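Here is a short report on helix packing and charge pairing. Please keep the sequence and the model in view while reading.

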Amino acid sequence: MNTTPDTFDVAIIGGGAAGLAAAQALGRSRRSIVVIDAGEPRNAPAEGVHNFLTRDGLPPRELLALGRKEAEGYGVRFRDARASATRRNADGFGIELDDGTMLAVRKIILASGVSDTLPAVEGLEASWGKNALHCPYCHGWEVRDQDIAVLDSPFAVHQALMFRQLSDRVTLFTAPRREFDPVEREKLEARGIGVVPQEIIAVRGNDNHLTHVVFRDGGERAVDALVVMPHFAAGVEVLSGVGLEATAHPSGIGTYVATDEMGKTEIPGLWAAGNTRDPMAQVMMAAADGLRVGAMVNADLIQEETDAAVAALRAGAVAAVGQRS
């Protein structure tokens with residue numbers, strides 16, 4: 001194993017839209033950048049990226065390949081590996097990769113996003129990102145005017161109302177004794193959203209697309225799409241060595257990395273971007289956030305270097321005075 005670390009100004013953990021945008025901004029600022037990417041984008045199951053201006057419908061991996069090529073044009077280097085451990089060192093951080101590579105970096109941007117834990121519905125994973133979905137902006141157009149089922153959850157009423165904008169055939173399936181707030185019940189009724197007291201426990205279909213939902217009593221119903229609410233979890237384990245912990249999101253959707261407005265965490269030198277700090281951000285928003293965080297990290301490095309240069313200048317002036325005297 002090579003124990004001599006490669007050195008960089010910034011390591012970016014995660015090669016999705018946020019990580020690539022940060023890398024490009026920093027590369028264009030002539031920083032030495034390494035992107036550590038395990039090649040497992042969250043949106044890989046989706047057929048296309050949507051609401052990304054000029055790239056609507058582009059397959060997710062194709063978008064990332066284009067972004068990587070652009071970043072490489074500015075000298076950004078990539079490690080197709082997984083960060084396995086981090087620690088503090090004299091000049092910033094040490095990072096160990098699962099291929100044995102050691103890196104020494106001044107700053108880290110965590111842009112590894114979040115993982116989706118799906119509800120316990122048999123067969124759901126196969127159709128996730130196809131016609132099992134959660135975001136009307138990511139996939140809603142593709143199921144417009146179709147028969148849309150909504151799986152019960154604390155967010156089900158909100159999701160049902162959102163998807164009602166896209167179809168007049170939206171049905172919320174609930175546990176038999178599910179209680180609704182009167183205001184929620186009124187909203188559902190006003191919008192013509194059916195409520196069926198049947199608990200969905202499984203789905204079945206073909207070609208990675210579900211066609212039916214299966215109820216606990218054994219009954220089935222044909223549907224065109226199923227709306228679910230996953231639990232989002234920010235992956236921070238690799239940074240436990242420097243004290244980073246995930247925070248429960250105030251909305252109850254899962255966990256995220258708490259930062260200030262510009263992406264700085266409470267750990268000096270460690271920043272977060274994209275879904276890591278905003279689990280609900282779509283791809284274009286994550287990319288924009290990566291650009292902003294990359295610029296902020298560059299500004300932080302400039303400040304450090306300027307302070308060091310000023311200190312050296314003053315020390316030189318003091319030494320010159322001492323020599324003359």
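A salt bridge here means a side-chain nitrogen of Lys or Arg within 4 Å of a carboxyl oxygen of Asp or Glu. This is a predicted model. Searching the whole structure gives 18 salt bridges. Side chains of opposite charge can pair when their charged atoms come close.

Next, the helix packing. Two packed helices are described by the angle between their axes and the distance between the axes. Helix α1 covers residues 17-28 and helix α2 covers residues 60-72. Helix α7 spans residues 283-324.

| Helix pair | Axis distance | Angle |
|---|---|---|
| α1 and α2 | within 9 Å | roughly 15° |
| α1 and α7 | 7 Å | about 35° |

Take α1 and α2. They are therefore roughly parallel to each other. Their crossing is left-handed. On the α1 side, Ala17, Leu20 and Gln24 make the contact; on the α2 side, the partners are Leu64, Gly67, Arg68, Glu70 and Ala71. By class, the residues of this contact are 4 nonpolar, 2 polar and 2 charged.

Now α1 and α7. Which hand does this crossing have, left or right? The crossing of α1 and α7 is right-handed. Helix α1 contributes Ala17, Ala18, Ala21, Ala22, Ala25 and Leu26. From α7 come Val283, Ala286, Ala287, Gly290, Leu291, Gly294 and Asn298. This contact of α1 with α7 has 10 nonpolar residues, 3 polar and no charged ones.

Last, the ends of helix α6 (residues 182-190). At its start, a side-chain oxygen of aspartate 181 comes within 2.7 Å of the backbone nitrogen of valine 183. Just after α6, glycine 192 has a positive phi of about 70°.

How values were computed. Residues numbered from 1 in each chain as written. Predicted model: local features only at pLDDT ≥ 70, side-chain atom pairs only at ≥ 80, totals over all residues. Heavy atoms only, no water. Axes fitted to C-alpha atoms, helices over the stretch in contact; angles between N-to-C directions. Helix = DSSP H or I, 4+ residues; strand = E, 2+ residues; numbered from the N terminus. Parallel < 35°, antiparallel > 145°, perpendicular 65-115°, else oblique. Left-handed = near helix turned anticlockwise from the far one by under 90°. Contact = heavy atoms within 4.5 Å. Nonpolar A, V, L, I, M, F, W, Y, C, P; charged D, E, K, R; others polar. Polar contact = N/O pair within 3.5 Å; in protein donor to acceptor, adjacent residues only side chain to side chain.
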